[in-house]
Amino acid sequence: MPIQSVTQEVLNKLLSATEAPCISLYMPTHRTHPENKQDLIRYKNLVKQVRESVTEKYPTANIDKLLEPFEALAMDHEYWNHASNGLAVLGSSEHFEVIRMQLPVEALVMVADSFHTKPLRNILQSIDRYHVLALTQDAIQLYEGNRYSLHEIDLPDDFPKTMEAALGKELTEKHSTVASYGGVSGNSTNMHHGQGGKKEEVDNDAERFFRVISNAVYERYSNPEGIPLILATLPEHHFLYKQVDKNPFLLPKGIDINPQAVSIEKLTELSWEVMQPVYLKKLETLAEKYNQVKSKGLGSDSMDEVLEAAEAGRVETILLETHRVIADRLRNKVTGTYEMADLTQPLLVDHLDELGELVHKMGGSVVVVPKDQMPSQTGLAAIFRY
């Protein structure tokens, strides 16, 4: 059974689902014994909740067929022996995704007309994402990640992954000619080289290789996605790379290490140390902007006001509180306000999640924020376009 990590592609696929019922099951899992022995038991109990919920809310659905892949996962002993920190299983008549999550999640079952995706967006939120360029003098690897995990990007065949692929026939020329080298400002100067030694040839190759890589990463990844880039390479390569680099998304601070000499877990830890101050500053800036525009009538933390603005496409950015659920079944019909629900009950519709999906579909940004970083007490804060 295919098991994958959280990606924007998977999230977009889930957001496009229109068939009901859509089953969303989340639970914490454990990597080691003896805790992981209980994971399978908890999973089977949650699947029982799913069956009860589907039976009650969608009595005409083909329950056995819907639950067939959920029950098949319970028989996959290989997965349960190699679990991560969390598990998301989302299924409908047309979709089924098993997602290994790098952070613990609260146990939750939702059966509704759309998938519950806020825990996935919590991992993929744009201000938390970044690229890591793992660079050696001969080859590169590019990763995408966040505080919880990194995954290697499968670079296309025509991407210059190695020095040989990047320089081709120009690699290690014994007799250099006049060449034009562009600086960071875009200016160029002619540099004359005669019959240099081996070190000079190697340095020239490295400089040209780094320039090709810098341009390719910027044009194909950094510029289209607009997320920060962290350079992981040996200390002596940082200066040369930054001399030829023109990528405005490259963070000033990088990781001084041979990226091939560390595990992916260590690279994740080191890259988050670089990214965390940037992330916290962005959250602070968003909170300040929200407080400023709210006083001018261009922001709100009211569910009804934000919903109306989202439907009109007026929400530029919405902040949603991590782990907060606002459920339909506990709406106060007198005051119109929403209250926290009992998450042990599976028949829930999370209005924060639905609101996030609506803003996303209307072209707005959705940012999932820790409770202590939220600028409101209602679980949401929206910045309007007009």
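Let me start with L319, whose bridge partner in strand β15 is A381; strands here are DSSP runs of E with at least two residues, helices are runs of H or I with at least four, and both are numbered from the N terminus. The model is predicted, so local features need pLDDT of at least 70 and side-chain atom pairs count only at pLDDT 80 or more, while totals for chains, interfaces and linings use all residues. Residues are numbered from 1 along each chain as its sequence is written, and side-chain values use heavy atoms, without hydrogens and water.

Strand β13 (residues 315-321) and strand β15 (residues 380-384) pair in the antiparallel sense over 5 bridges, where pairing requires that DSSP finds at least two bridges between two strands. Helix α10 (residues 303-311) packs on the sheet and touches β12, β13 and β15, contact meaning heavy atoms within 4.5 Å. Helix α11 (residues 351-361) also packs on the sheet, touching β13, β14 and β15.

The sheet itself is open, with 4 strands in the order β12-β15-β13-β14 and mixed pairing. Why is one side of β12 and of β14 left without a neighbour in the sheet? Both strands stand at the edges, each with a single partner strand, so one side of each has no neighbour there.

The largest cavity is lined by 14 residues, and E106, L108, H116, P119 and H323 lie nearest its centre. Helix α5 (residues 118-124) gives the most to that lining, with 3 residues.

Conventions
Axes fitted to C-alpha atoms, helices over the stretch in contact; angles between N-to-C directions. 1 Å grid on protein atoms, 1.4 Å probe; cavity = no way out; pocket = protein on both sides within 12 Å on 5 of 7 lines; lining within 4 Å.
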